[in-house]
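I opened this model to look up its helix packing, charged pairs, ring pairs and backbone angles. My notes are below the view.

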Amino acid sequence: MGLNISEQIYNSTQAFIEHDKKLAQEVIDADTNTNGEEMDLEKQALKLIALQQPVATDFRVIISILKASSDLERIGDHAVSISRETIRMKGQARIPGVEKEIATMTDQIRDMLERALDAYTKNDELAARNLSKKDVDVDKQYLEIRNAIVTAVNHDSETVQSSSSYFLVIRLLERIGDHIVNLAEWIVYSASGKIVELNPGKANPELVKRLYSDAIGTNESIK
């Protein structure tokens with residue numbers, strides 16, 4: 001399910017960047033499979049609880065599976081939203097530099113997801129905890145792209161309409177990063193039994209506050 005979701009993330013942003021409505025529709029259609037995979041996992045997990053009466057350690061694994069599959073399904077929903085925006089966006093002025101940065105942000109997020117899946121299969125608590133650092137990088141990229149969009153609009157009023165689509169797409173990608181951090185939290189729970197907060201915005205709000213302050217300062221200097 002995780003590998004399929006990673007492909008959906010790539011295809012949805014690729015469709016957006018290349019203005020490929022056919023590929024965008026394929027991502028939307030594939031969401032039915034994602035929903036089915038989540039339901040299958042839920043059924044198997046509930047069957048194990050009902051028939052096997054798992055002990056504490058096994059129960060943690062089952063809970064983490066249910067929570068992780070829910071986050072993966074939400075990531076799939078965000079990929080669908082990006083694809084729908086691709087179909088909606090028609091004949092609007094594009095910003096090539098921003099689209100290039102969106103591709104870079106997508107690569108960062110897919111790397112995060114692949115690291116999370118690897119940590120999950122290995123039950124690697126340390127690797128899961130380190131994913132919060134990767135999410136900070138994604139947040140930085142999000143802010144940099146946001147500034148680039150504002151700058152483009154200031155220089156070319158024809159990009160105003162398309163800017164709303166760019167803002168939506170990078171926000172969805174940033175949220176995908178948050179869901180991947182949620183996955184990391186459930187890996188830690190499965191491995192140690194500890195419920196932790198790894199989201200930088202909640203675990204270290206001062207860090208995120210500085211990121212936003214720096215971004216605003218950069219944007220003002222650009223203006």
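The entries follow by topic.

**Ground rules**

I am working with a predicted model, in which local features need pLDDT of at least 70 and side-chain atom pairs count only at pLDDT 80 or more, while totals for chains, interfaces and linings use all residues. I number residues from 1 along each chain as its sequence is written, and side-chain values use heavy atoms, with hydrogens and water left out.

**Helix packing**

I took helices as DSSP runs of H or I with at least four residues, and strands as E runs of at least two, numbered from the N terminus. I started with helix H2 (residues 21–52) and H3. Their axes lie 9 Å apart, and the packing angle is about 165 degrees. Axes here are lines fitted to C-alpha atoms, for helices over the stretch in contact, and angles run from 0 to 180 degrees between N-to-C directions. I therefore logged H2 and H3 as roughly antiparallel. The cut-offs are under 35 degrees for roughly parallel, over 145 for roughly antiparallel, 65 to 115 for roughly perpendicular, and oblique for the rest.

H2 and H3 make a left-handed crossing. Left-handed means that the near helix is turned anticlockwise from the far one by less than a right angle; clockwise is right-handed.

Then I sorted the residues in the contact of H2 with H3. I found 14 nonpolar, eight polar and seven charged. Nonpolar covers Ala, Val, Leu, Ile, Met, Phe, Trp, Tyr, Cys and Pro; charged covers Asp, Glu, Lys and Arg; polar covers the others, Gly among them.

Next I looked at helix H3 (residues 56–88) against H6. The angle is about 170 degrees, with axes 9 Å apart. H3 and H6 are therefore roughly antiparallel too. The contact of H3 with H6 holds 16 nonpolar, nine polar and seven charged residues.

**Salt bridges**

How many salt bridges are there? I get eight. The rule wants a side-chain nitrogen of Lys or Arg within 4 Å of a carboxyl oxygen of Asp or Glu. I wrote up three of them.

I noted Glu-99 with Arg-94, where the closest N and O atoms are 2.7 Å apart. Glu-99 is buried at 7% relative accessible area. Arg-94 is partly exposed at 22%. Buried is under 20% relative accessible area, exposed is over 50%, and partly exposed is in between (1.4 Å probe, protein chains only).

I then found Asp-111 bridged to Arg-115, with 2.8 Å between the closest N and O atoms. Both sit in helix H4 (residues 96–122), four residues apart, so about one helical turn separates them. I have Asp-111 as partly exposed at 29%, and Arg-115 as partly exposed at 42%.

Is Glu-174 buried or exposed? I read Glu-174 as buried, at 7% relative accessibility. Arg-171 is partly exposed at 32%.

**Aromatic pairs**

I count two aromatic pairs. Rings of Phe, Tyr and Trp (its six-membered ring) pair if their centres lie within 6.5 Å; planes under 30 degrees apart are stacked, over 60 edge-to-face, and the rest tilted.

Phe-16 and Tyr-166 are edge-to-face, 5.7 Å centre to centre, with 90 degrees between the planes. This pair links distant parts of the chain: Phe-16 is in helix H1, Tyr-166 is in helix H6, and they are 150 residues apart. I get 0% relative accessibility for Phe-16, which is buried. Tyr-166 is buried as well, at 0%.

Trp-186 and Tyr-189 are also edge-to-face, 5.6 Å centre to centre and 90 degrees between the planes. I place both in helix H6, three residues apart, about one turn of the helix.

**Backbone angles**

Most residues other than glycine have a negative phi. I looked for exceptions.

I found His-19 with a positive phi of about 60 degrees, though it is not a glycine. His-19 lies in the loop between H1 and H2. It is partly exposed at 40% relative accessibility.

I also noted Asn-123, another residue other than glycine, with a positive phi near 55 degrees. Asn-123 sits in the loop between H4 and helix H5 (125–155). It is partly exposed at 39%.

I looked up Asn-4 last, which is in helix H1 (residues 2–18). Its C-alpha atom is 9.9 Å from that of Asp-31, 27 residues away along the chain.
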